[in-house]
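Hello,

Here is the structure I promised to pass on. Please open it alongside this message; my notes follow below.

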Amino acid sequence: MNKDQQVGKAVGKLRNFIIEPFVPHDQDAEAYVCIYSHRHGDTLLFTHEGGVDIGDVDAKALKLELGIDERPTEAQIKDTLLVHLKESRKEKAAVFIMALYNLYVDLYFTYLEINPLVITDEDIYILDLAAKLDATAEFLCKAKWGDIDYPPPFGRDALPEEAFIADLDSKSGASLKLTILNEKGRIWTMVAGGGASVIYSDTICELGGASELANYGEYSGAPSEQQTYEYAKTILTLMTKEKHPDGKILIVGGGIANFTNVAATFKGIVRALQEYQTKLIEGKISIYVRRAGPNYQEGLRVMREVGKTLGIPVYVFGNETHMTAIVSMALGKRPIPKEPTAESHTANFLLPGGQNTAQSPRPQRKSESSGPTVTIAAKDTKQLFHKNTKAIIWGMQTRAVQGMLDFDFVCSRTEPSVAAMVYPFTGDHKQKFYWGHKEILVPVYKSMADAMKKHPETDVLINFASLRSAYDSTIETLGFPQIRTIAIIAEGIPENMTRILIKKATELGVSIIGPATVGGIKPGCFKIGNTGGMMDNILHSKLYRPGSVAYVSRSGGMSNELNNLISHNTDGVYEGVAIGGDRYPGTTFMDHLLRYHDNPEVKMLVLLGEVGGVEEYEVVEALKTKRIVKPIVAWCIGTCAGMFSSEVQFGHAGACANAERETAVSKNKALSQAGAHVPSSFDELGEVVKKVYQKLLQEGVIVPKEEVPPPTVPMDFSWARELGLIRKPASFMTSISDERGQELLYAGMPISAVLEQGLGIGGTLSLLWFQRRLPPYATTFLEMCLMVTADHGPAVSGAHNTIVCTRAGKDLVSSLVSGLLTIGDRFGGALDGAARQFSEAFDKGLLPMEFVNDMRKKGQLIMGIGHRVKSLNNPDKRVEIIKNFVKKDFPTTPLLDYALEVEKITTSKKPNLILNVDGVIGVAFVDLLRNSGSFTREEAEEYINIGTINGLFVLGRSMGFIGHYLDQKRLKQGLYRHPWDDISYVMPEHYSS
C-alpha cells in the first residue's frame with residue numbers, strides 16, 4: 001500500500017482499495033458478463049466461466065448483438081447467452097442481465113464488465129466491476145449519477161493546475177485541456193486545436209523528445225484573451241518551477257484557425273509572458289510560435305514585439321511555415337529561417353497585385369480514360385454539394401453566415417447559398433448581410449417547418465444548436481424529406497444520441513457531417529459555416545476554385561491546415577470534409593472517400609485519420625479489394641500515444657485507443673501495406689502529397705492551365721479597424737468605464753479591485769464622477785451627503801409627484817422620473833447655486849456683509865440660506881452633522897467659514913435665514929474640490945460649473961423617491977384624487993351670472 005507499483009508501462013501508487021464482504025462460492029458459480037457499445041449497436045458477452053483465469057474472452061464468450069434502441073428479452077438472453085449455464089440459474093441470470101442492460105442504456109454507459117459475476121441458486125453477487133460512462137451525458141444524467149469524480153489514470157497523479165484548467169474549461173464555451181506528463185520535462189506545449197495538439201505531440205515524440213515532453217493540452221473554440229491568459233499563466237507556472245541545465249522550450253503552435261481571433265488569444269499569452277519575464281530569463285526558455293487564422297497578422301505582430309523585450313529567444317512564424325516545422329527548429333533538427341515570407345493578402349481581401357503572386361498551377365483535366373480504371377460499386381456515392389446548393393442555418397450565427405456569403409461571392413456564385421435561418425427564440429424577421437458590396441436580407445424563422453415550406457429548394461441544413469438541443473433539432477430536421485445533408489457543429493452530444501441520429505439518417509438516406517466538426521468545403525461551390533476560415537485563408541489556399549485533390553479529416557482545425565498544405569503542393573482542393581472528432585461521426589471516412597473516388601474530377605485522395613476507432617480499416621479493405629484505385633495519401637495522428645507511460649485522452653472524444661488495432665501506429669502500418677502513400681511523420685505529409693501530385697502531373701492525368709483571379713471581396717469595417725487599416729471618428733467618447741475586456745473597469749480600475757478594496761459608494765462615485773480615487777474623508781463626505789439628502793418626507797414636491805404617479809399605476813422608472821423632474825432652483829437645485837454664489841463672492845474678496853448687501857441690491861436670494869421650519873433656535877441636525885465632520889476632517893474650510901459668517905448676518909435679521917443643507921453641502925464641496933490636493937483649480941471650477949454638486953442631491957433623493965414608490969405599492973394605495981376642499985376655485989367674474 002502507498003508504494004510504487006508497475007502496471008504495464010505505468011508506475012504509480014495504489015492508494016484506493018475496495019473492501020467487500022467475502023462471498024463464499026464454488027468455482028463453477030463464477031461467470032463473466034460484458035456490455036460494450038459500437039457504432040451500430042451494443043454487444044453483450046457472457047460466459048459461464050469467470051474469474052482471474054478466464055483467458056481469451058472473445059474466443060470463449062457467447063455474443064448477443066443489439067441494434068440501436070433495441071432492448072433484449074429474457075428469451076433472447078437465455079437462448080443466446082445462457083446456453084451453458086445451469087438450468088436452475090438461468091431465470092435469475094436472465095432477469096439480472098436484462099436489468100443490467102437497461103441500467104447500462106439509461107445511465108449512458110459505454111462499457112461495463114463484471115468479472116466474476118457469482119451466480120448461485122439463491123442469489124447473484126457482483127464481485128468486480130469496471131465501467132466507462134459517457135461524460136458528455138452529464139447534463140442528462142446528473143440527478144441519477146450524483147457527484148462523480150473522474151480520477152486520473154494509474155501512474156499519474158492529479159495536479160491542482162490540471163484541476164484549475166478543468167474548472168476553467170467547465171465554465172467556458174471554449175475548450176481548455178491540460179494533462180501533465182512529466183513535471184520536470186524540458187519541452188512544453190501550448191497548442192491551439194484538438195487535432196493540432198496531437199500532431200505536435202506526435203512530432204515531438206518522433207523527433208526523440210518523448211522523454212522530455214512535459215505536457216499535453218489544447219485550447220480551442222475561440223477562447224477569450226482572459227481565458228488564454230489564465231491557461232498560459234498556468235503552464236508558465238509549472239514550466240518555471242524547476243530549471244533545466246539545457247534550458248527549456250515552449251512550443252506555441254496551432255493550425256490555421258477557422259474562427260478563433262488569433263490576435264485576441266495571443267494577447268492573453270503575451271500578458272502571461274510579460275508577467276513571467278524574469279523567470280523565463282532565469283530558466284533560459286526559448287519560445288517557438290507558429291499560428292494562422294483570423295487576424296493572425298496582428299497576433300504575430302504582437303508576439304514579435306514582445307519577443308524583442310522579453311530578453312529570451314522568440315521565433316514567430318505564420319502559415320508560410322509548415323505547421324510542425326517549429327518542432328524541428330526547437331529540437332535542432334532544421335535551421336531557423338531569418339525572415340518569414342511576406343504574404344500578399346490580409347484579413348479578408350486580396351491586396352492590389354496580390355493575384356499575380358499565385359504560383360500553384362491550375363489544372364486542365366484530361367478525359368477519364370487517361371486515369372486509372374475505376375469499377376463503380378452499387379453503393380450510392382452521390383455528391384453532396386454543387387454550385388447551386390442552398391442551405392438553411394439553425395441558430396443565429398451571423399458571422400458564419402456572412403462568411404458563407406463572402407465565399408459564395410468570391411466563387412462567383414450567382415445566388416447566395418444561405419436561403420434562410422431558423423432561430424426559435426425570436427419571431428419571424430429578416431437579418432441584414434452583405435453580398436459583395438450590396439446589402440441583402442435573409443429571412444429568419446421561428447419555426448423550422450415554416451422555413452422548409454417557404455424554401456423547398458434547400459437540401460442542406462447546418463445545425464449550430466448547442467449540445468443540449470442539437471439532437472432534438474436534428475431529429476426534427478430528419479422529418480423533412482427535402483434535406484439530404486445535415487452538418488452538426490456542436491461538440492459533446494452524448495454517444496447514444498449520436499448513434500440514434502446515425503441510424504435514422506441512414507434509413508432516410510441523409511448524410512450527417514459531424515457532430516463536433518467545423519463542416520466541409522467544396523471550392524468554387526459551397527462551404528459549411530466557418531469552414532475554411534476567413535477570406536485571407538480562402539484566398540491563400542485558393543479555395544475559390546476547385547483543384548484535383550479531395551481530402552477527409554476528423555479534425556476541423558486540421559482541415560484548414562490541409563487546405564494550406566494541399567494548395568502549396570498541388571493545384572488545390574476539390575472538396576474537403578471534417579467528419580468530426582466524436583467517437584461516432586455521422587458519416588465515415590469511406591463514405592466521403594468513395595464519393596471522391598467516383599468523381600472523375602478528383603484525381604487524388606488525402607486521408608487524415610487519428611488514434612481511436614477502426615474506420616480507417618475500411619479504407620485498408622477498399623485498397624486491398626481495389627475498390628479504391630486512385631492514389632491516396634494517408635496519415636493517422638496520435639502515434640505518440642504508445643510512448644506515454646499512462647493513458648492520455650486527446651482533444652477529440654474519439655481519440656483514445658481501446659485496443660492495439662485502434663492505435664495510430666497500427667493504422668498507418670496497415671494503410672501502407674495496403675498501398676496508401678504513408679509518410680514517416682506528419683512533418684513529411686506535404687512532401688508525400690507533392691510527390692504523388694507531381695507523378696500525376698508527369699503522367700498527364702493533370703495538365704496545368706492559367707489561374708483566373710477571383711473577384712475582390714470588400715473587407716468588413718470591423719476587421720479593417722481591428723487591423724489598423726482604417727480610422728473613423730467615434731460617435732461617442734467615454735473616459736469613466738470600459739466593459740470591453742474580461743472585467744468591467746471603473747476609471748481604469750477593475751470592478752474586482754473596487755469590491756476587494758472596499759471602496760464603497762463614495763469610492764465608486766470618486767471613480768465614475770472624478771476619474772480618480774479621493775482620500776477616505778472625501779468619500780465619507782460623499783456618502784454623508786447622499787444619506788442626508790435621501791429624503792425629506794412625502795410633502796415636498798418631488799416625493800409628492802412620485803407618490804401621485806405611483807398611485808396612478810405607473811411603473812418605477814416613470815414614477816421616479818416624475819419626482820426628479822421637479823428638481824430645480826426652487827426644489828433641491830440650490831446646491832450648485834449656493835456653491836457658485838458663495839465662491840464668486842469669496843474669490844472677489846467681498847466681505848460677508850458686502851456680499852449680503854450686494855445680493856439685496858440685486859434683489860436676489862442667497863442660495864443655501866433659509867429654511868421654512870428650522871432656525872437658530874431649532875437647528876437642522878443634518879447641517880450640524882455635516883458641518884462638524886467637515887471642520888474636523890477637511891484639511892481647510894475657507895468657504896464654509898465664509899458661509900458661516902454670512903449666516904451670522906442673515907440670522908440677525910431673521911432667525912430662520914440659516915445655512916441650510918443645500919448651502920452647507922455646496923460650500924463644503926467647493927472646499928473639497930479646491931483644497932483636497934486631488935484637483936487643480938481649473939478642474940475644481942469645471943466640476944462646479946457642470947452641475948456635479950447638484951448631482952449629489954439627484955442621486956441621494958432618488959433613493960427616497962424609490963422608497964416612496966415601494967411604500968405606496970406595499971400599502972396598495974389607489975388612484976390619488978386631490979380633495980375639493982383643498983382647492984380654491986376662482987372663476988372669472990364675468991361668467992359668474
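The chain exposes about 45,300 Å², and carbon and sulfur atoms supply 54% of that area. Please keep in mind that this is a predicted model. Buried residues make up 54% of the 993 residues. Along its principal axes, the C-alpha trace spans about 115 × 85 × 85 Å. There are 34 helices and 34 strands in the chain.

Charge next. I count 107 positive and 116 negative side chains. The centres of the two sets lie 5 Å apart.

Take the contacts between residues at least 6 apart: 74% of them join residues at least 24 apart.

Now some local detail.

Strand β10 (residues 187-192)
How many of the six residues of β10 are buried? Six of the six are, so the strand is largely enclosed by the rest of the structure. In a regular strand, side chains alternate between the two faces of the sheet. In β10, Ile187, Thr189 and Val191 point one way. Trp188, Met190 and Ala192 point the other way, and all of these residues are buried. Strand β10 is joined to β12 (residues 248-254) by six bridges, and the two run parallel. Within that pair, Thr189 stands opposite Ile251 of β12.

Strands β13 and β14
β13 covers residues 285-290 and β14 covers residues 314-317. Four bridges join them, and they run parallel. From β13 the chain passes through helix α10 (residues 296-310) to reach β14, and this β-α-β crossover is right-handed. Tyr288 has Tyr315 in β14 as its bridge partner.

Both tyrosines come up again at Ile336. This residue sits in the loop between α11 and β15 (345-346). Ile336 touches Tyr288, Tyr315, Phe317 and Met329, leaving out residues up to four places away in sequence. Is Ile336 buried or partly exposed? Its relative accessible area is 30%, so Ile336 counts as partly exposed. Ile336 and Ile326 are 10 residues apart in sequence, and their C-alpha atoms are 8.3 Å apart in space.

Thr321 also contacts Met329. Its other contact, beyond neighbours within four places in sequence, is Arg290. Thr321 lies in the loop between β14 and α11 (325-330). Why does Thr321 count as buried? Because its relative accessibility is 10%, and the cut-off for buried is under 20%.

The six-stranded sheet
Six strands form an open sheet with mixed pairing. Their order is β26-β25-β28-β27-β29-β30. Which strands are at the edges? They are β26 (526-527) and β30 (632-637), and each pairs on one side only. Lys522 has Phe526 in β26 as its bridge partner.

Glu138
Glu138 belongs to helix α4 (residues 138-145). The residue is partly exposed, with a relative accessible area of 37%. Glu138 and Ile736 are 598 residues apart in sequence. In space, they are 43 Å apart, C-alpha to C-alpha.

Best wishes

Terms used: Residues numbered from 1 in each chain as written. Predicted model: local features only at pLDDT ≥ 70, side-chain atom pairs only at ≥ 80, totals over all residues. Heavy atoms only, no water. Pairing = 2+ DSSP bridges. Right-handed = clockwise from strand over helix to strand, strands pointing away. Buried < 20%, exposed > 50% of the residue type's maximum accessible area, 1.4 Å probe, protein only. Contact = heavy atoms within 4.5 Å. Areas by Shrake-Rupley, 256 points an atom, 1.4 Å probe, with all protein chains shown as cover. Lys, Arg positive; Asp, Glu negative; His and termini not counted. Charge placed at Lys NZ, Arg CZ, Asp CG, Glu CD.
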